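Keep the structure in view and follow along.

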Amino acid sequence: MSTATSLLTSPPIIFRSTTITTTVPPRNFKPRKLRQSTPKMSINNSPTTPSPTQLITSITKLLWGKSLPPQLLISTVRSAWSTAWHLMMSQLAPSDPSGSYTRPVSQFRNPNHHQLQPNALHLYAALPCPWAHRTLIVRALKGLQDAIPVSIASPGLDGSWVFNDSPIPNGDKLIPTRDKVNGAKTVREVYKMRRGGYDGRCTVPMLWDVEKKEVVCNESYDIIELLNSGLNEVARNPDLDLSPPELKKQIDEWNKIIYPSINNGVYRCGFAQSQEAYDTAVNELFTALNTVDDHLKGSRYLCGDNLTLADVCLFTTLIRFDLVYNVMFKCTKKKVVEYPSLHGYMQDIYQIPGVAETCNLEAMMDGYYKFLFPLNPGNIRPIMPSNSDHHSLSQTHNRESLSASSQSVQVLV
């Protein structure tokens with residue numbers, strides 16, 4: 001049957017009548033005008049560019065939902081990160097074939113104080129660095145603050161030392177500063193100002209001759225020896241000798257234990273690039289700490305009643321141990337606070353007039369956790385341990401009872 005035929009034979013359509021009622025408006029009626037809403041445009045409503053983290057998160061949700069990424073992706077990322085990590089560590093912390101950290105040798109050594117003009121010297125240092133901290137402590141103990149000005153550098157994102165004048169004072173504590181003598185933006189710029197330039201590692205501490213525009217020394221122990229005995233004519237505390245001839249042999253013996261196993265030992269743990277290298281370093285570290293702790297049970301300082309350069313060198317590692325090295329450098333066997341003698345010894349030195357002002361604890365933590373990217377990619381700084389803050393370090397230690405002379409170190413401040 002065709003379409004036309006079906007239409008003709010369909011039942012008839014019946015229309016029903018409908019009554020429509022209308023209402024006449026009153027004479028005084030005025031129709032209201034309808035408000036026309038205009039779309040509002042706002043800069044805040046414009047779409048924003050997602051951050052790299054948000055973009056990656058969105059992609060992973062799209063690909064895997066709530067499931068873990070595929071094993072192949074995990075293996076690939078792990079391999080790539082391991083390769084990049086070893087590359088960065090090779091620049092940050094050179095190692096030998098076994099993966100053990102090898103500290104580079106300082107290029108400017110053994111300054112001759114007879115050839116120096118004391119009033120022409122300028123010290124470059126940094127607050128996180130334990131090697132630079134040595135020089136700041138000896139400078140303070142000898143009363144050389146006026147004679148030897150200091151510029152305090154800060155760690156930069158690229159691993160270099162930069163100058164950022166801190167606008168916020170921190171009591172009497174040292175804080176980052178501008179370059180007070182050369183106006184440089186980085187420590188590298190200062191090194192390059194010397195005659196003939198310089199392309200090596202630009203480290204702190206560094207002692208600079210302002211008149212000759214020359215690096216005098218960048219080896220920390222050489223600098224503290226010079227500050228201790230080579231500049232007494234301009235020191236406010238010339239009678240303090242941190243390396244007297246009669247104790248020189250003992251100081252050297254302690255340094256042979258402290259430097260390789262403790263001062264550099266924590267870095268050998270943190271910068272180890274193999275399990276074997278780490279195991280060796282961490283065992284040597286805690287063996288040395290046990291040795292020192294046992295000795296300090298019956299001796300106020302390493303060499304008896306006299307504070308020496310060996311004590312200064314040990315202190316700058318101890319003050320950072322629970323703050324940084326215990327966690328970040330994997331020196332986790334024990335904390336300094338768990339060694340009764342070592343902890344009291346650290347408090348004793350911290351409370352010597354002039355020392356606490358060189359210990360900017362917050363800057364120490366920031367310098368490691370926020371800038372050593374290969375060891376802490378998230379740049380998250382943990383909270384300061386309660387046993388390592390200024391209040392704890394200022395508590396009574398009773399170490400003076402071990403001193404035969406019962407006298408504290410006399411420092412003119």
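Six helices, α3 (71-92), α4 (130-141), α5 (187-192), α6 (220-229), α7 (248-263) and α12 (361-369), each give at least two residues to the lining of the largest pocket. A word on terms: helices (H or I, at least four residues) and strands (E, at least two) are DSSP runs, numbered from the N terminus. A pocket, on a 1 Å grid over the protein atoms alone, is an open set of points with protein on both sides within 12 Å along at least five of seven lines, and lining residues have an atom within 4 Å of a point. This is a predicted model, where local features need pLDDT of at least 70 and side-chain atom pairs count only at pLDDT 80 or more, while totals for chains, interfaces and linings use all residues. Residues are numbered from 1 along each chain as its sequence is written, and side-chain values use heavy atoms, with hydrogens and water left out.

Back to that pocket. Its volume is about 1600 Å³, a volume being the space filled by probe spheres set on the points, with grid points joined across faces, edges and corners. The lining takes in 50 residues, and Tyr101, Arg103, Trp161, Arg201 and Thr203 lie nearest the centre. By class there are 27 nonpolar, 13 polar and 10 charged residues; here Ala, Val, Leu, Ile, Met, Phe, Trp, Tyr, Cys and Pro count as nonpolar, Asp, Glu, Lys and Arg as charged, and the others, Gly among them, as polar.

The second largest pocket holds about 320 Å³. Of its 18 lining residues, Ser154, Pro155, Pro176, Ala363 and Asp366 lie nearest the centre. Strand β2 gives the most to this lining, with four residues, and α12 supplies at least two.

Leu123 stands opposite Val150, and Ala125 opposite Ile152. β1 also joins β4 (residues 206-209), antiparallel and again by four bridges, with Leu207 as the partner of Leu123 there.

In a regular strand the side chains alternate between the two faces of the sheet. In β1, Leu121, Leu123 and Ala125 point one way and His122, Tyr124 and Ala126 the other, and all are buried.

Now look at α11 (residues 340-350), where 10 of 11 residues are buried. Among them are Leu342, Tyr345, Met346 and Ile349. What covers α11? The cover includes α9 (275-296), α10 (309-328) and α13 (390-393), judged by contact, meaning heavy atoms within 4.5 Å.

Met346 turns up again in the lining of the largest cavity, with Leu318, Ile319, Asp322, Ser388 and Leu393. A cavity is a set of points where a 1.4 Å probe fits but cannot get out. About 30 Å³ of space lies in this one, and α10 provides the largest share of the lining, three residues.

Stepping back, the protein has 13 helices and five strands, and 45% of its 413 residues are buried.

Note on methods:
Buried < 20%, exposed > 50% of the residue type's maximum accessible area, 1.4 Å probe, protein only. Pairing = 2+ DSSP bridges.
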